[in-house]
Amino acid sequence: MTSTPSVIRVTCAIVENEGKVLCAQRSESMMHPLKWEFPGGKVEGDEDLETCLKREIKEELGVEIAILEQLPSNFHIYSNLRLELIPFRCSLQTFEIDLLEHSQILWLPINELKDLDWAEADVPIVDYYIRTYK
Ligand SMILES: Nc1nc2c([nH]c(=O)n2[C@H]2C[C@H](O)[C@@H](COP(=O)(O)OP(=O)(O)OP(=O)(O)O)O2)c(=O)[nH]1
């Protein structure tokens with residue numbers, strides 16, 4: 001008998017600044033190496049989604065964010081990992097970004113987002129964001 005893995009909840013930040021969006025490339029040592037994503041990470045214990053996202057962004061980029069709006073989740077399965085990816089539109093409250101986990105970041109205008117090689121779970125979120133905010 002095979003057991004169904006539980007769903008991991010992951011928050012991610014679509015950070016907007018001066019008409020551009022922050023895109024982050026996963027490092028070679030992470031799962032999904034060199035794929036592009038929105039920074040964020042797994043919800044721990046009973047923390048709420050916004051607390052999780054602010055904590056992860058501080059850990060990964062060293063900045064404070066303001067959360068503007070939650071967007072629809074995307075449910076995705078990577079082999080044995082079931083994921084709910086939960087995006088939020090955000091703005092920066094502090095501006096000195098440190099690359100603490102990612103290999104690079106890019107600030108892209110919305111019409112260039114599709115040029116990147118996104119992690120599979122992000123593709124529907126990128127499409128939704130482009131459709132809704134272009
Ligand atoms: N943060 C983030 N994770 C994503 C995105 N798209 C996507 O498929 N993922 C996947 C990659 C991982 O399987 C999972 C989150 O892992 P993570 O490594 O970023 O989370 P974390 O910081 O909490 O990880 P860790 O403490 O276990 O190292 O979600 C995305 O846009 N942002």
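**Notes on the predicted model**

1. Starting with helix α2: the elements that cover its buried residues include β1 (7–17), β6 and β7. Bear in mind while reading that this is a predicted model. The buried residues in α2, which spans residues 123–133, are I125, V126 and Y129. These residues sit on the same side of α2, because the arc they cover around the axis is only 100°.

2. On to the strands. β6 (residues 74–78) and β7 (residues 81–92) run antiparallel, and 5 bridges join them.

3. Is C90 buried or exposed? C90 has 26 other C-beta atoms within 10 Å, so C90 is buried, the cut-off for that being 20 or more. Setting aside neighbours within four places in sequence, C90 is in contact with A13, I14 and V15, and also with I65, A66, I67 and L68. As for D127, C90 lies 37 residues away in sequence and 17 Å away in space, C-alpha to C-alpha.

4. G62 is another one to click on. G62 belongs to the loop between α1 (49–61) and β5 (65–70). With 13 other C-beta atoms within 10 Å, G62 is partly exposed. Beyond its neighbours within four places in sequence, G62 is in contact with E96, I97, D98 and L100. G62 and S79 are 17 residues apart in sequence, yet 31 Å separates them in space, C-alpha to C-alpha.

5. Now the ligand. Which residues come nearest to the ligand? Of the 18 residues around the ligand, those are E37, G40, G41, K42 and A121. Two or more residues of the shell come from each of β1, β4 (40–42) and β7. By residue class, the shell around the ligand has 11 nonpolar, 3 polar and 4 charged residues.

6. Last, the annotation. An unreviewed UniProt entry carries "domain: Nudix hydrolase" over residues 6–134; treat this with some care, as annotations may be inferred rather than shown by experiment. In the model, the span of residues 6–134 is 19% helix and 40% strand, and its end C-alpha atoms lie 35 Å apart.

Terms used:
Residues are numbered from 1 along each chain as its sequence is written. This is a predicted model: local features need pLDDT of at least 70, side-chain atom pairs count only at pLDDT 80 or more; totals for chains, interfaces and linings use all residues. Two strands pair if DSSP finds at least two bridges between them. Helices (H or I, at least four residues) and strands (E, at least two) are DSSP runs, numbered from the N terminus. A residue is buried if 20 or more other C-beta atoms lie within 10 Å of its own, exposed if 12 or fewer, and partly exposed in between; C-beta atoms are placed from the backbone. The arc is that of the directions from the helix axis to the C-beta atoms. Two residues are in contact if their C-beta atoms, placed from the backbone, lie within 7 Å. A residue is near a molecule or strand if its C-beta atom, placed from the backbone, lies within 6 Å of it. Ala, Val, Leu, Ile, Met, Phe, Trp, Tyr, Cys and Pro count as nonpolar, Asp, Glu, Lys and Arg as charged, and the others, Gly among them, as polar.
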